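Thank you for letting me take a few minutes of the meeting.

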Amino acid sequence: MARRILNRKDLRADFEAAERRKNEDEEEEEEEEEGEEGDEDEEEDGESEAEDVGDEDDEEEAPAKKKKPAKEPKPKAKPKSRARAAKVVRMKVVWGVFNNSNQRVAVYDYPKRKDADEHAARLTADKKSTHFVQPVKEPMGEKKEE
């Protein structure tokens, strides 16, 4: 009782073809309506003699207007360029000394872990509250070129 797997590409192609046909039909209807409005205006302006001449012109113009629907296809929208990835900011790791409420009290460069541990121990002994050392990633300062 397995179902047949639907081919999404075929379904998409069918849908797009139907959509194109629908758009073409709408354009033809709009042009026909515009043509009919133009014919009515000509009939209202002219007299009986002008109508006879106008009718002959209308017959000649009608085939010309039917040829117009083969107008230039609209240029397809340019494919959207992929959004460039944001410039990756280089990060550096530093040691941060934090108190119990996760507020950074001091910052030490990565190679100076011993100094950070000593500072945390000293603060814990002096203030009788817990302090700890934790690695923190910070954006690197860009080198200034002079």
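Let me begin with a side-chain pair, where Asn99 and Ser101 are joined by a polar contact of 3.1 Å. Please keep in mind, as you look at the picture, that what we have here is a predicted model.

Where does Asn99 sit? Asn99 is found in strand 1, which covers residues 91-99. Is Asn99 buried or exposed? Its relative accessibility is 16%, and because buried means under 20%, Asn99 counts as buried. If we leave aside residues up to four places away in sequence, Asn99 touches Val105, Thr130, His131 and Phe132.

Now let me turn to the sheet, which is an open one, formed by 3 strands in the order 2-1-3 with antiparallel pairing. The edge strands, each of which pairs on one side only, are strand 2, residues 104-109, and strand 3, residues 131-139. From one strand to the next, the twist averages 35°.

Looking at one of these pairings in detail, we find that strand 1 and strand 3 are paired in the antiparallel sense over 9 bridges. As an example of residues facing each other, Met91 stands opposite Pro139, which belongs to strand 3.

Finally, which helix lies across strand 1, strand 2 and strand 3? That is helix 3, made of residues 113-127, and it runs at about 135° to strand 3.

How values were computed
Residues are numbered from 1 along each chain as its sequence is written. This is a predicted model: local features need pLDDT of at least 70, side-chain atom pairs count only at pLDDT 80 or more; totals for chains, interfaces and linings use all residues. Side-chain values use heavy atoms; hydrogens and water are left out. Helices (H or I, at least four residues) and strands (E, at least two) are DSSP runs, numbered from the N terminus. Buried means under 20% relative accessible area, exposed over 50%, partly exposed in between (1.4 Å probe, protein chains only). A polar contact is a pair of N or O atoms within 3.5 Å; within protein, one must be able to donate a hydrogen and the other to accept it, and residues adjacent in sequence count only if both atoms are side-chain atoms. Contact means heavy atoms within 4.5 Å. Two strands pair if DSSP finds at least two bridges between them. Axes are lines fitted to C-alpha atoms, for helices over the stretch in contact, and angles run from 0 to 180 degrees between N-to-C directions.
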